[in-house]
Amino acid sequence: MNKSIIKSCLSMTMVVAMTASLIACGTNGTSTDTKAADTQVADTTKVETKAPVKLTYPTYRVGTHASAAFEKEQLAKFNEKFGKEIEVVVEEIPSDTAYNDKLKILAASGDLPDVVMGKNGINEILIKGNLATPFNEYMDKDAEWKSEIGDAALASNTRDGKIWSISDQKQIVGYFYNKEMFEKAGIKPAETWDEFMTNCDKLKAAGFTPLAMMTGENAWTTNLLLAAIVGSSDAGNKFMNTLHPTSFETPEMVAGLKQIQVMLQKYTTKDALGAVYANAANNFCQSKAAIIANGPWMIGDFSDKTKSPEGFDKKVGISTYPGNGSFSTYEVGYMIGSKTQEAKDAAAKFIKYKTSIEGQSIALELGNVNPLSDKVQPSDAFKQKYPLFVETINVGNKSTLNYQVFDSLVFPNVTDAWKSLYPELAFDKATAEEIAKKLTDTSAKNK
Amino acid sequence: MSKNKGYISLFLLPTIVLFLIVYAVSLVVLVGTSFTEWSTGTKPIFIGIENYVKMFTDDSDFRRSLLNTGIWILLQSTIHVLIGVVFALILNMKQFYWKFARTVYMVPNIISGAAVGMLFLCILNPEFGAVNSIIRLFGVSDFSQNWFMDYGTSFLSVTMTWLPYAAIVSMLVLAEIAAISESLFESARIDGANEFQINLHIIIPMLRNIIGTCVILAGTSMLQKLDIIMMTTGGGPGNVTLNLPMYIYRTALMDNNFGYSNAIGVFLIIFGIALVMIYRGIFKIGKTNE
Amino acid sequence: MNGVIGLKGLKLLVSILKYIFLLSIIILSIGPFLWVFISSFKTNSEILTFSIGWPESFRFSNYLMAFKIAPLAQFYLNSVIVAIFGTALNLIVLGMSAYVISRFDFKFKKLLMAIFSLSLLIPGAAMLQPLYMTVNTLGLYDKLIGLVLVYAGFGLPASLYILSSYFLTIPKEMEESANLDGAGFIRTFVEIILPISKPGFGAAAVLQFLLCWNELQFAITLTTGNKSRTLPLALYYFKSQFASDYGVMFAATVIVIIPSIVVYVLLQKQVVSGLTAGAVKG
C-alpha cells in the first residue's frame, strides 16, 4: 500500500511537471493568440455588444510623480466622454523601475496590457518581438489626429516605415540657475564650455557650490550635462542624435567624460556620488547649489512651499547650454499591446484622446509638459503662474543646436550602468577612456 | 511500524504539492533555458553550454560578484550568527530589560528591505545624514564621508546593513533554549555551576541543531538578498558591492538576457547545495540530541 | 585577597562589555528609525540643514499628504489577510512534513530533504516569470489567495528547517509512551507533540509572517489592481523618478513601519505565553 502511494505520488509529480513545462513553453514568444483571446474574453465579462470594451492600462504616473496630476485629469475627462464604450482598467505601479520590470515579465509571457508606455527601452523589446500594433493604419484614416501630433513627432518614433508609438510630449530641456548666486559671483550664463567651467570657479570663490549633480538612479542631471558637452561639436552632435550607438569610444565622449570628472571632483555637492534625484533637486531648491540641469516639469517645485522657500521661484532663471544648445526630443509615448481588433481600436481611441489637443492642454496646464502641437498654447493664468515656462519655450525656439538625452539613445542596461561607473571616474579608479570602453562593453551585452 | 508509512506519505503530501506548484515549474524553466539564448520577446534558441563557458571565462563582473557573495556568506554565517547567539544568551538571563531589548533588536527585520535601504541611505547621506552630523558635532568639522560610494567604506557599509539579521538568530535560539528542560538547569545549579559554566557546558551543546540551522539560513540568505543593495549602492561603485543575486537581477531585467541569467541562477543553486551540504556535515544536523 | 578582587574585577569588566554590546546593538536597531520618525515632522529645508535637531514645530502636514497620495487603508487590510493566511497555510503544511522528516526514517528521505532544500537556493529574479505563468494558468492572478499560496511556498525552506530542528529536541520517549497508551499516529501528533512545540511554531510563525508582510517584488508582479495590493508597495508611491519631498517620504515610511512593529509586539506576546506555558516537558 505504501509503495504504491509513493509511486503514484512520483508519477503525479512527473505529470504535473510535464504539463507545467508544456504550458510554459507554449506561451513563450509570440504564439499567444488563443491564450490571449481567452483572457480577453474573460476580461470582458459579458459577451454582449453593449458592454464597454475593457482596456488594461498600467501606469507609473501616480503618487508623487510629477505627471500624476495630469494623468488623473486625462483619465477623468476620458471617462466622461467615452466611459460608456470603453472602460479603462488602471493598474497603479508607483515606481518606474517596477513598471519596467513588470512589463518585461508580461512581454516575455505574451500577456501585454492594451496600452503600454514605451519609454526606458520597453518600445525596443516590443518592436523586436513584433508585439505591438503600429499606428500607420490609424494615422492614414485620421488626418486630424495626425496633424495634432505633427510629422516630426511621428517620424521620431517610426522605424522601417512603421509608426510604433505615439509621442505624448516634447522635451525641451535647458538648465536652471540661481540668479541671486550668479549675481553675487558676478557671472552670467556661459556661452562656451570653457566659460562654463570658469563660472564654476567664480561660484566657488563666492562660497557657493556650483552644480547639483547625481550619480544614482539614472544619473539624470549629470547625464544632461554630459550630453550637452558632447553634443556641442559637429561629430558629437551627430552622436547625440543617433539611436543605439555601438561604440562610446569617440574623442568627444572621452573629452566630455573628462569634463564631468572634473565637475564631480571639484564643482558639486558632497553627496552627489550616490545621490538620487531627490537629493539633487533638494540641493538646488534649498539654495545649496547654483545650477541644475533639468526639464520644465520641475518648474512647479519652485513655487511649491513644501519644496522650496517662499519666493524662490523669482530667483530662478533658465538658460540654453553653452553653444546655444538645448535638448529637443520627443518622448516615446504610447503603444498598442492589444490582441483583438476591438481592443486595438479602443486602445487607439484612448491614446488619441490623450494625445489630442485637449489631452496635450491638460498635460501642459497640470504637468508643465511641452505640447507637441503649436496649436496648444498656455493659458494666460498659466503664463502668469509660471513665467519660467514661457522662458523655456523661448529657450527651445532660440537654440541653434539640438540633441537628445542619453536615456532615449542607449540600451536600458547602459542607463543602469552609469551609477556604477561615475564613482569610478570620480575617484580616479578609471580614466575617461576606460569608462568609455566599459560603456561600449555594457552596450554589447544587451540582448 | 509499517502502518505509519501511510501517515508519513499523507503528512508529506501537502508540502510536495506546494513545492511543485511554487518551485517545480521555475526549476524546469530555469535549467532548461540556461542552455539557450533567450531574451524578452524572442523565442529561446538552444546554444549548449555557451552560457556557462562565458560565465567563467569572460565575465569579470561575475567573478567579482562571486567573490563578494562568498565573503558575505562567510561573514554572515559566522560573525552574525555569533552575535545573535551571544545576544540570546545574554537575554536568557532575563534581566529587567530583556523583553524590551528583544523587541527593539527585531525592529529592522520587521520592516521591509526597501524601507531599511531607504533608512540607511538617509542616515548615511554625506551632507545631511545623521551619522555624519553626529561626527561633525564631535568637532570634526566638514566631515562628509560618502559611506556608500567611497571605495574604502562601501563594502563595509553594506555589510553593516545586514547586522540586524542577527536578531532572527537570537529569536530562534531563545525559542530553542526555552525547550531545554528546567530540571537540567536545576541540577546544574545544585551542583554549584555558575551562569558562565551553565552556558558553556549545557546550553550551547544543546543548541547544536538550531545554530546549524541558523548558519544555513544566514549563509543561504546571502544568495537571495538584493533589496538593500538595490536601494543603496546598486552594486557600485564599479562592482565593489555587487553580489550574485543582484547580478542575476541585472542580467535578467536590465540586459534582457534571460538565458544567461538563468545559467548564473543554476550555478547559484549548485553553489548553494554545496554550501548546505558542507554546513550539514559540520553541524551534523539531523541527529536528535541524546 | 588579590584573587577575590581579580575575580570581581573580571566580572565587572565582563558586565561592562556586556552592556556596551547591548547598547550598541539597540542604538543600531532603533536609531535609524527614531531619526526618520523625528525628521518626518520637519520640512524639507529643516531636514537638509538641522538634521539631528528637534523640529521647529510638529507639523502633521507630511502625514496628511502621505495618506492622500496612497490608498493605505486598502493595502493594510490586504496585507493582514495575506499574512495571516499565508502563515497559517505554511505552518500547517510544513508542520506536518517537518514532523515526519525529523522523527521517522523512510525511503527517499534524504532525497526529499535535498529537493526541498533547493527552494532555499533559487534566486528570486529567476522565478518571476515562471511563477507569473504558473499563477496565471491556475487562474490565481490578481487574487489574494494567489499571494497566500506563493508566500506559503517561499517560506517552505525556513519553516522546514526551523520546525525540524525544533522537533529534533523532543525526546523519542514521547511517541513511545503515547503508543503504549494506545494513541494512533495522528492523535499523538496533535495531542502530544504539538502542544510542546509552541516555541518552534512561534518562531517559524514570526518569520513567515514577516515574509508575507514585507514581500514586494512578487506582490507587484502577481497582482494588478489596488484591491489586491499589499503594503510594501505604498512606499513606492513616494519614491518615483522625480519625487523630491523627503518629509512626506519619511512620513510614509513611518506609517508603513509602525503597524508592523505593533503587530510584531502583539504576536510576541503569543509566542511568549507559548514559551512559558508549553516549555514544561519531561
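These questions and answers go through parts of a predicted model, in which local features need pLDDT of at least 70, side-chain atom pairs count only at pLDDT 80 or more, and totals for chains, interfaces and linings use all residues. Residues are numbered from 1 along each chain as its sequence is written, while chains are lettered from A and ligands numbered from 1 in the order in which they are written.

Q: How many helices and strands does chain C have?
A: Helices (H or I, at least four residues) and strands (E, at least two) are DSSP runs, numbered from the N terminus. By that reading the secondary structure of chain C comes to zero strands and 14 helices.

Q: What share of the residues in chain C is buried?
A: A residue is buried if 20 or more other C-beta atoms, placed from the backbone, lie within 10 Å of its own, exposed if 12 or fewer, and partly exposed in between. Among the 282 residues in chain C, the buried share is 52%.

Q: How far apart do the C-alpha centres of domain 1 and domain 2 of chain C lie?
A: The bounds, which come from an automatic or database domain assignment, divide chain C into domain 1 (2-49) and domain 2 (70-237). Their C-alpha centres are separated by 35 Å.

Q: Which word describes how H5(C) lies to H8(C)?
A: Helix H5 (residues 109-121) of chain C packs against helix H8 (residues 156-167) of chain C at an angle of about 125°, with axes 8 Å apart. Axes are lines fitted to C-alpha atoms, for helices over the stretch in contact, and angles run from 0 to 180 degrees between N-to-C directions. Angles under 35 degrees count as roughly parallel, over 145 as roughly antiparallel, 65 to 115 as roughly perpendicular and the rest as oblique. H5(C) is therefore, relative to H8(C), oblique.

Q: Which residue stands opposite Ala293(A) in E7(A)?
A: Strand E6 (residues 170-178) of chain A pairs with E7(A) in the antiparallel sense over four bridges, where pairing asks that DSSP find at least two bridges between the strands. In strand E7 (residues 291-294) of chain A, Ala293(A) is buried on one side together with Ile291(A), and Ile292(A) and Asn294(A) are buried on the other. Opposite Ala293(A) stands Tyr175(A).

Q: Which element gives the most to the side of chain A that touches chain B?
A: Counting residues as in contact if their C-beta atoms, placed from the backbone, lie within 7 Å, the contact takes 39 residues from chain A and 38 residues from chain B. The elements of chain A that give two or more residues to this side are helix H1 (2-26), helix H4 (96-109), helix H5 (122-128) and helix H21 (412-426). With ten residues, the element that gives the most is H1(A).

Technical notes:
Two residues are in contact if their C-beta atoms, placed from the backbone, lie within 7 Å.
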